[in-house]
Amino acid sequence: MTVATHDGRAVRVALLGCGTVGSEVTRMLLAEADELAARVGAPIELAGIAVRRPDKHPELPQHLLTSDAGSLVESDVDIVVELIGGIDPVRGWLLTALRKGKSVVTGNKALLSEYAAELSEAADESGADLYYEAAVAGAIPLLRPLRESLAGDRIMRVMGIVNGTTNFILSAMDSTGAGYAETLDEATRLGYAEADPTADIDGYDAASKAAILASLAFHSRVTAADVHREGIVGISASDIAAAKSLNRTVKLLAICERVTADDGTESVSARVHPVMIPRSHQLAWVSGAFNAVYVEAEAAGQLMFYGQGAGGAPTASAVLGDLVAAARNKVAGGRGPRESAHAALPVRPMGQTPTRYHISLDVADKPGVLAQVAQVFATHGVSIAAVRQRDGRSMASLVVVTHLAPDAALQATVDEIGRLDVVREVVSVMRVEGEDS
C-alpha cells in the first residue's frame, strides 16, 4: 500500500492514559515542542488526553482532557499513544486506530504478548505504523536494534533481566543475606514493588516481555502462553548462599533461544525462571532495579544492552522516540518496519529444552549414598558435572550440578531422588546458566 505524504500540517497526537509515564510524555511534548518539530519536520500537536477521571488531573491542560477514549481515537488524529495497559477495552481502541490508518505507539506488553499478530495485520492493511519500544526495557533501545540493526544477522540467543522489581529483591538478598519475605517488604517500602507485586514476583511481567523478544529475534510468533514461567517466591536465603559458594549469583532471567535438534530442525525456546549465573557474567553485575539484555548473534557476536528498565522519565524517552519515528513517517510518507514472522518456528516445550540443574540434597551420612544418587542420574541419562559433599553427625549435604539435559529428564531425576530412602530432603533445585570461570 502506498502511503501518502503528510500535507505539512501539525501531526496530531491522542494520548490514552496519563499516569507516571503519560504525565512525563505530556511534559516532554510541551516543553520540547520546538526541538521535536525540528526533528520531525512538522509540529507535533497534542490533540487530547484520555483519562478515567479528568478532575483528578489539575496539573494537565484542562482543555485537552476527556474521559471518552473511544471518541478521541475516532477524532481527527494521526497517531495514538497508548499508556493505559491491560487488554480490554484497549485492544479495541488500538485496532480501530490502526484500521483507520492512524499509527500507534504503545508500551502495553500484556497486549502485545497476546495480540501482536492481530495488531500488526491491522497496521499492514491500512499502511499505519505500530511501535512499542517501551514495552520491554524502559529507556533501553532494544527492540529497534533487534528488528532493524540486526535484521541481516542470525540471532541465536536473547537472555536478560527484564524486571526491575525482582532484580532489586534478588540483588538485595545477595548483598545482605536477608530472606525473601523481608526483602520484598523493603522493596515495597522503597517503592520498587507494587502493593500487589504478583505480576512481577510470579514472572508474568517478564514472560510477556520474553514473548515479545522471542518474536522479534526469531521472526516467529510467540505469545505469553508459549513462555515457560516461574517466579522468585520460592527463592530462599540458603539458595543465595549456595550460589555464592559456587561463585555464582541468582537472577530471574528471560531466556529466548534458537534450538537446533539432532535432525537439523529448528525451534524456539522461551522461558522465564530463576537462574544461577557465574559472577563473572555481565548480567551478574546488574543490580538494583536496572535491566540488561544479552544478545548473541552469528555475525555481530555478543551484545549487551543496559539501562533503566522502568520509571516515568526513562520509559517516556522510549515512547517519545517511537512517536518521533511515527511522526516522521507521516510527514515524509514513509513506513516503519513491519512484522517479520516469516520463519514461523515452533515453540519448543520446556520439557524438551536443554538445561542444567543445581540440586541440593540432605542425605543420610552412610556409605553408598552417592552411588545410589548417581544411579538415578544414570537411569535418566543425565550426566553429572560436579558433586560436593559435606558430612554431619547423622546427615550429609550433597550438592550436584549437572551437564545439559532435557528439562523433563532433569525433573524426573529430581522426583525419583526425592523418593530414595537415603535422601532426607531435596532442599533446593535451581537451573544453571553460563560456564564457571
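The paragraphs below pass from the overall form to one packing contact.

The model is predicted, so local features need pLDDT of at least 70 and side-chain atom pairs count only at pLDDT 80 or more, while totals for chains, interfaces and linings use all residues. Residues are numbered from 1 along each chain as its sequence is written, and side-chain values use heavy atoms, with hydrogens and water left out.

The protein chain contains 15 helices and 17 strands; these are DSSP runs numbered from the N terminus, helices being H or I of at least four residues and strands E of at least two. Its C-alpha trace spans about 85 × 50 × 35 Å along the principal axes. Of the 437 residues, 52% are buried, that is, under 20% relative accessible area with a 1.4 Å probe, counting protein chains only. Among contacts with a separation of 6 or more, 74% join residues 24 or more positions apart, a contact meaning heavy atoms within 4.5 Å.

Two packed helices are described by the angle and the distance between their axes. Helix H14 (residues 369-379) and helix H15 (residues 407-417) have axes that come within 9 Å and cross at roughly 150°; the axes are lines fitted to C-alpha atoms over the stretch in contact, and angles run from 0 to 180 degrees between N-to-C directions. Val373, Val376 and Phe377 of H14 meet Thr413, Glu416 and Ile417 of H15. These residues of the contact comprise 4 nonpolar, 1 polar and 1 charged, where Ala, Val, Leu, Ile, Met, Phe, Trp, Tyr, Cys and Pro count as nonpolar, Asp, Glu, Lys and Arg as charged, and the others, Gly among them, as polar.

Methods. Buried < 20%, exposed > 50% of the residue type's maximum accessible area, 1.4 Å probe, protein only.
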